[in-house]
Every structure is written in C-alpha cells, then in structure tokens.
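These are my notebook entries on a two-chain model, written while I had the sequence and the coordinates open side by side.

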Amino acid sequence: MKSDDVKSILIIGMAGGLAKITAQLLVKKYPNAKIIGVDSRSIKGSIKTPNIQYKKIRYTRGNFEKLFRDEDFDIVYHLGRMSHADTSPLASIEQRLDLNLMGTKRILDLSLKFCVKKVVILSTYHVYGALSDNPVFINEDQPLRASIKHPELRDVVEMDQIATNWMWKNQGEIETLVLRPSTIVGPQIRNSMTRYLIAPYAPVCADFNPMFQFVHEFDMATILVRSLAEIPTGIYNVSPDECISLKSAKMALSCPTIPLPSFILQAGLKLISTGLWSFPQYLLDYIKFACITDNSLIKAHLGPEIFRYNTKEALLLSKLD
Amino acid sequence: MDFYKKYLPTTIPKERLDEVFAGLEEKYTKGEDPWGLNLSKARKTLDILYPLYKNYFQVRVFGKENIEEEPYMVVSNHSGQIAIDGMLIATAFATEIEPPRILRSMVERFFTALPWVGTLAAEGGAVLGDRQNCLNLLNRGESVLVFPEGVRGVAKSTFDFYKLQRFTRGFFRMALTANTKVLPVCVVGAEEIFPWVYQAKGVARKLGLPALPISPLYFPLPSPVDIHIGKPYSIPDLSPEAPDSEIDLHIDKIRNEIRELTTQGLKMRRPFFANKT
C-alpha cells in the first residue's frame, strides 16, 4: 500500500502501550495520514503528535458508526482485545464478551460498509492453548484448543474465529489480517504475563519449565506497520525463531523465583491474587506447558530477519519503566 | 547428590564429558532448543546416569561402526516396563558413538504431562511423539529415536518377552518425507530388569491407564544390557503417501532385521539369574 493511499487510520485500543507505539511509527511511515485512536479507557499522559487524535468513546454501534461515517478510514487496527485480568475495572464477563465478540463483529461490519481498504486484527497465541501434547511448532492451521480446558478463554478463541471467518468470506472486497503474536514484552506492556515475568520472587513451577517466545513491543509495532504494505490477507503467527525456557527468562531478568510444585501453585493462586495484581487461572497452564508457534508464513513476506531485538534484549528492556 | 557414586564407582571421565559437550555446544549455540532441550541440564543428567549405565546395567554397545556422521531415524524394540531402554540407548549415543549426539526420543503423550519427569526428559532431549515434531526435528538434521511398537512393546508380560509386537507405519512415512535413513537397533537384557510381570490389560483399559504391570518386584534389577546396532536401512524411492501394502514391505524388512539382531543378541548375552531361556 503506497503512502499516498493511506489518508486516515483508526486504531482501536489506543490506551494500550502497543497501540501508542504503533501510532508513532505510523506517523513516520505515513506522514500525511490522520490517525484517530479510540478507547473506552482514559489514556495516560497526553498525545503531542499533531497527526494523532485520541477519543475516549464507548464501543457502541452508534458511536462507531458516526466515527466511520465522519472520518472515511482507509485502515483499521483492532488492538483492543480485553484481557482476563481480574483487576481490570471492566472485567465482568458480559463486558468482555460484548467488546471481544460483539465489538469485533461491529468493527468488521462497519469496515466493510464504509469501504475500509485493510483491517488488521491483533489476536494472540493463547488461542492455540497451552497443552502438554502441543507440537513444536504450531502453525496457523492448527485447531484453536485454548477453551478446551479453560472455558473462560472462549471469547478469545471466538474473537479470532469471528475475524478469520469474516476475513475469508469477504476476502474479495477487503484485505484483512489476523496476527497471533507470542508473548509481547516491553516497558509499555504491563499485562499479567509481563508483570509476572519482571516480578521478583514470583513463584514458578518446580516440576515444569516450558519454552517461550518473546516479541519486543517495538518489533510488534513495526510488524503492525509493515503489515499494511507487505502482508496479504491471511492469518499469521508472529514469533521469533529463538526460544527460551521460563526459568532461563527469569534468570536473564535477574528475578529470583520461588519454585513450588504446580499443584501447590494452583491451590495458592487465588490467595496470591490481590486487588492490585492477579494472575488468571488459565495462565498457569502457560507457565506449565509450551505453546511454540511457527513463524515461517510471516517470514515468507517480511524476510528472515524481522526482529530488531533478540530475546534477552527484549526481556531486559521490559524491565525499564 | 553424589553419594551413590561411591557404590557405583565408574563415572564418565570429565575429559570425555567435555569432549562430548564441546561438539554439542557448537550445534546448540543457545544452550536450549524449542523442544526444551537444555544442554547444561543434559550434562548433569548424563553425569548422574552414566554410573547406572556403565556399572548397574553394564551396557555394551555392538555395531558402532555402522553409524556415520549423518542423522538417523533410530528404530528400536521396546522393553523394560518403564522405558529404561530409551534412556540407555540415548546415553550410548551421547557417550560411545562418534560423533556424539543427543538422540531425540519420541515419548508417549501422557509422559509430557508428568510433573518433573516430563521436564527432566525434555531437558535431556526427549520430545512428544508427534508426527509434526518428528518431521521438524529430522528436517533440522537431528537423529530421533522411535519405538514403533509403542506401549504394546514396553508393557509386556513375562511370557511375551522378546516377542516383537506389530510396528506402526508412521515412523517410516516420516523417514520417507525427511529422506532420513532408518537405523535398526535392538536392546537385549532390558526385559529382565523387571523379570516377573503380568500385564493386567483389561483393568488398565477400564482405568484409562496405558498399562498396569502386576509384579512381586517393582525395583529395577541390574540385568546386563546389550545394545546392538544394525546396518542403516536406505530410504527407497517411494512416496510418503504410498499405500500401506507398499510401506509394509519395508517395515517388515526393518522388523526382521531387529528380530535377527535380537536372536543374535540373545545368544551372546551375559548370564543373569532372571534370564528367560
């Protein structure tokens, strides 16, 4: 997609760290484009870049429709998936289902109705599930098994499926990308997993030590920007070649750990989850069993070296405030 | 941790261990691989296992000269109730074969979910016995160890010792896909590690267990073990999707080779009170 073809970009989930970095990179790549970021949350700090506007809105059909009608977007980034952390003030299951399922469908339908050229949806590798019989490497065609053991992940899997079904159905009319990144880390990403990683004396399973793939937030944002011009419609895993075990990652971060048998950890999880910090039950499986994804498809479009930061650099940078 | 070495005095010489791992460190530069292999942990495990390998099971390896510097799909008979044979073959390939290699043993699905054991095995090189895993490893030039008899082979009653069970076909289709030679291997002596066993297959099925060995003895006996390595079986010009009838011709040849190695191996094994005649 040429620079002149992109005049207006919508970013959903603008209060998130990844969205902010992506917006800044988009300004550099498409200096003439107007970028509108929306979120139902308040944004920390102010956005000083003139090309970027932030709007705090609720994700209702009326609000969204007005936005699409007024702004005539060329590109839509859907980076606003709601997480399962209990500390989120909007974490009730109804709100999550409304945003992740109904919201996604709303965004996709409006994109089609108002002739958006390309939609990029950020899903997650969590959709494959962390299971003891996962192969290495999981490619994009593998079944999404996350909700087999954890029904609370149903919305994450279903959001991905809504997006992919819609993508194939409308591929003749609109370009759509579904990206499934492995764990994103960085100073601006503070989800349950990154907080767990950088927390000193966090418990780890003494009896399991799964492998992980980490993507630095800047690399992820770069891929989101490059995806506009360089990646055609499809589903893509975003992960590095490099893998590291959880215990080695904690060691690289110089974070001492408390090893506990997984059954004790499981029982104690609810106790250690406080009002300020919680560790969702399903994430325990992700610190027991590996979910290593295959990156050959995205590399076929972006080239063999798609990441600027290696795993250790990405981890160390995630500790910065 | 090293107290048992007093009673099992043979330890792997440090120079040999250094030599083995110098080569491996060149291959696995990050020290870990996506399947969970951890070189430093593998070294520690090998250091612990070697006295058991050399003194307790007194392993001898025959046919080392058949192995060249190329990846293989190592195919072995399965015996010993708790897959000690896999551990012994892997130790032999790491310490006695040139160049030393970490055999990637394909393990049953339930195994990877076991606390501690699954992780320890993965850190030593074992991987889930999945076709995609196998193919990815072969394509990376790794040697894999498969037991095509599966649980049927390892969980046998005493009266079935050394009777080769039916081979599944998947391993050969994988070898055809990756164009990797098959290396037949036979382990003799591992059956007598637990010499008196009755497999309660019906009860195991009802309980959803892979096997249920009934035995007066659940402690592994020091039965001397011999590992016989056959000549590599070259991969024929055949499609991996060839019909079963064409695949079976080759699987039968490999199975017969392992049966022949077993017959020869039984003739030359060392005396042990529990040996089945």
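**Entry 1: strand 6 of chain A**

I looked up Val178(A) and found that its bridge partner in strand 11 of chain A is Ile235(A). Helices (H or I, at least four residues) and strands (E, at least two) are taken here as DSSP runs, numbered from the N terminus. The model is a predicted one, in which local features need pLDDT of at least 70 and side-chain atom pairs count only at pLDDT 80 or more, while totals for chains, interfaces and linings use all residues. Residues are numbered from 1 along each chain as its sequence is written, and chains are lettered from A and ligands numbered from 1 in the order in which they are written.

Strand 6 and strand 11 of chain A run parallel and are joined by five bridges; two strands pair if DSSP finds at least two bridges between them. I then checked strand 5 (residues 118–122) of chain A, which pairs with strand 6 (residues 175–181) of chain A in the parallel sense, again over five bridges. On that side I noted Lys118(A), whose bridge partner in strand 6 of chain A is Glu175(A).

Is strand 6 of chain A enclosed or left open by the rest of the structure? Seven of its seven residues are buried, so strand 6 of chain A is largely enclosed. I use buried for 20 or more other C-beta atoms within 10 Å of a residue's own, exposed for 12 or fewer, and partly exposed in between, with C-beta atoms placed from the backbone. Glu175(A), Leu177(A), Leu179(A) and Pro181(A) point one way from the strand, whereas Thr176(A), Val178(A) and Arg180(A) point the other way, and all are buried.

**Entry 2: the sheet and helices of chain A**

I traced an open sheet of seven strands in chain A, with the order 3-2-1-4-5-6-11 and parallel pairing. Strand 3 (52–56) and strand 11 (234–238) of chain A stand at its edges with a single partner strand each, so one side of each has no neighbour in the sheet. On average, neighbouring strands of this sheet are turned by 15° against each other, direction ignored.

I followed helix 1 (residues 17–29) of chain A across strand 1 (8–12), strand 2 (34–39), strand 3 and strand 4 (75–78) of chain A, and it runs at about 170° to strand 2. Axes are lines fitted to C-alpha atoms, for helices over the stretch in contact, and angles run from 0 to 180 degrees between N-to-C directions; contact requires that the C-beta atoms of two residues, placed from the backbone, lie within 7 Å. Helix 7 (residues 217–230) of chain A lies across strand 4, strand 5, strand 6 and strand 11 of chain A, at about 155° to strand 5.

For the chain overall I recorded 12 helices and 13 strands, and 47% of the 321 residues of chain A count as buried.

**Entry 3: chain B**

Turning to the interface, I found 18 residues of chain A in contact with 17 residues of chain B.

Within chain B, helix 2 (residues 39–56) and helix 3 (residues 84–95) pack at an angle of about 110°, with their axes 11 Å apart. Helix 2 and helix 3 of chain B are therefore roughly perpendicular to each other, a term that covers 65 to 115 degrees, with under 35 roughly parallel, over 145 roughly antiparallel and the rest oblique. Among the residues making the contact are Leu46(B) and Tyr53(B) of helix 2 and Met87(B) and Thr91(B) of helix 3 of chain B.

The open sheet of seven strands in chain B has the order 1-9-6-2-5-3-4, with mixed pairing. Strand 1 (60–62) and strand 4 (127–128) of chain B are at the edges, each with a single partner strand, so one side of each lacks a neighbour in the sheet. Strand 2 (residues 72–76) and strand 6 (residues 181–188) of chain B pair in the parallel sense over five bridges, and the bridge partner of Val75(B) in strand 6 of chain B is Pro184(B).

Asn179(B) counts as exposed because it has 12 C-beta neighbours inside 10 Å.
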